[in-house]
Amino acid sequence: MQYRETQISWLFISIMLAVVVLLYVAYAFQWGDNPMPMEGLVPLVLINLGIGLLFYKMTTRIDGNQIRISYGMGLVSISIDVHRLNRCEVMRTKWWWGIGIRFTPRGMLYNIHGLDAVAINYYNGKRDKTVMVGSSQPEKLKAAIDAHFAKRA
């Protein structure tokens, strides 16, 4: 059973675009005592757009023997071998754990919005680790993981 879910963070995209617009307006109207030169605007806009491209969406895929979570264009990602799985469960994250890539008391959290997630416990070769993957369809994600988990037995 293959699984693929892509979540787009419209809030993140809106904030990043608002920052770019604010930078341009600050340059265009030459705000402040020391206005921003073009040499300052261009790198700031490029850095902001680069960060936006890295984190504007999160894709969760299960194909073959890999669970792969990637952000944006795919440069930031994690892969988990299905053969190393111990268990998984649907859960709700705490609101104060936030969104993005976070360290939490239960393990790493990969989330782009919402509180629903699937906690995946696996052996990484040295010790057991837990990764929580945010999902708008946590039951469907768990069913896909369980289907792959059952195949390995």
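Biologist: With which residue does the side chain of Asp146 meet in a salt bridge?

Modeller: Please note that this is a predicted model. Asp146 and Lys142 are four residues apart in helix 3 (residues 138–152), so about one helical turn separates them. Asp146 is partly exposed at 30% relative accessibility, and Lys142 is partly exposed at 22%. The N to O distance is 2.6 Å, and the partner of Asp146 in this salt bridge is Lys142.

Biologist: How many residues apart in sequence are the parts tied together by Glu89 and Arg106?

Modeller: The closest N and O atoms of Glu89 and Arg106 are 2.9 Å apart, and the two residues form a salt bridge. Glu89 belongs to strand 5 (residues 85–92), whereas Arg106 sits in the loop between strand 6 (100–104) and strand 7 (107–111). The pair therefore ties together parts whose separation in sequence is 17 residues.

Biologist: Is Arg92 buried or exposed?

Modeller: Arg92 and Asp116 meet through their side chains in a salt bridge, with 2.7 Å from N to O. Arg92 lies in strand 5 and Asp116 in strand 8 (residues 116–123), so this pair ties together parts that are 24 residues apart in sequence. Asp116 is partly exposed at 28% relative accessibility. For Arg92 the relative accessible area is 52%, and the residue counts as exposed.

Biologist: How many salt bridges does the count come to?

Modeller: In general, side chains of opposite charge can pair when their charged atoms come close. The cut-off applied is a side-chain nitrogen of Lys or Arg within 4 Å of a carboxyl oxygen of Asp or Glu. By this rule the number of salt bridges is three.

Biologist: How far apart do the centres of the positive and negative side chains lie?

Modeller: The chain carries 17 positive side chains and 10 negative ones.

Biologist: Does Ser70 count as buried or exposed?

Modeller: Ser70 is located in strand 3 (residues 66–71). Leaving aside neighbours within four places in sequence, Ser70 is in contact with Lys57, Met58, Thr59, Arg61, Val76 and Ser77. A residue is buried when its relative accessible area is under 20%. At 6% relative accessibility, Ser70 is therefore classed as buried.

Biologist: What percentage of the 153 residues in the chain do buried residues make up?

Modeller: The accessible surface of the chain comes to about 9,100 Å², and carbon and sulfur atoms account for 61% of that surface. Counted by residue, the buried share of the 153 residues is 37%.

Biologist: What is the radius of gyration of the chain?

Modeller: The chain contains three helices and nine strands, in the order β-α-α-β-β-β-β-β-β-β-β-α along the sequence. For 153 residues the globule rule gives 15 Å; the chain is well over that value, so it is more spread out than a compact globule. Along its principal axes the C-alpha trace spans about 65 × 30 × 30 Å. The radius of gyration itself is 19 Å.

Biologist: Among contacts between residues at least 6 apart in sequence, what percentage join residues at least 24 apart?

Modeller: A contact requires heavy atoms within 4.5 Å. Taking the contacts in the chain between residues at least 6 apart, the share that join residues at least 24 apart is 53%.

Note on methods. Residues are numbered from 1 along each chain as its sequence is written. This is a predicted model: local features need pLDDT of at least 70, side-chain atom pairs count only at pLDDT 80 or more; totals for chains, interfaces and linings use all residues. Side-chain values use heavy atoms; hydrogens and water are left out. Helices (H or I, at least four residues) and strands (E, at least two) are DSSP runs, numbered from the N terminus. The radius of gyration is taken over C-alpha atoms; the globule rule is 2.2 Å times the number of residues to the power 0.38. Buried means under 20% relative accessible area, exposed over 50%, partly exposed in between (1.4 Å probe, protein chains only). Accessible areas come from the Shrake-Rupley method with a 1.4 Å probe; for residues, only the protein chains shown count as cover. Lys and Arg count as positive and Asp and Glu as negative; His and the chain ends are not counted. The place of a charge is taken as NZ of Lys, CZ of Arg, CG of Asp or CD of Glu.
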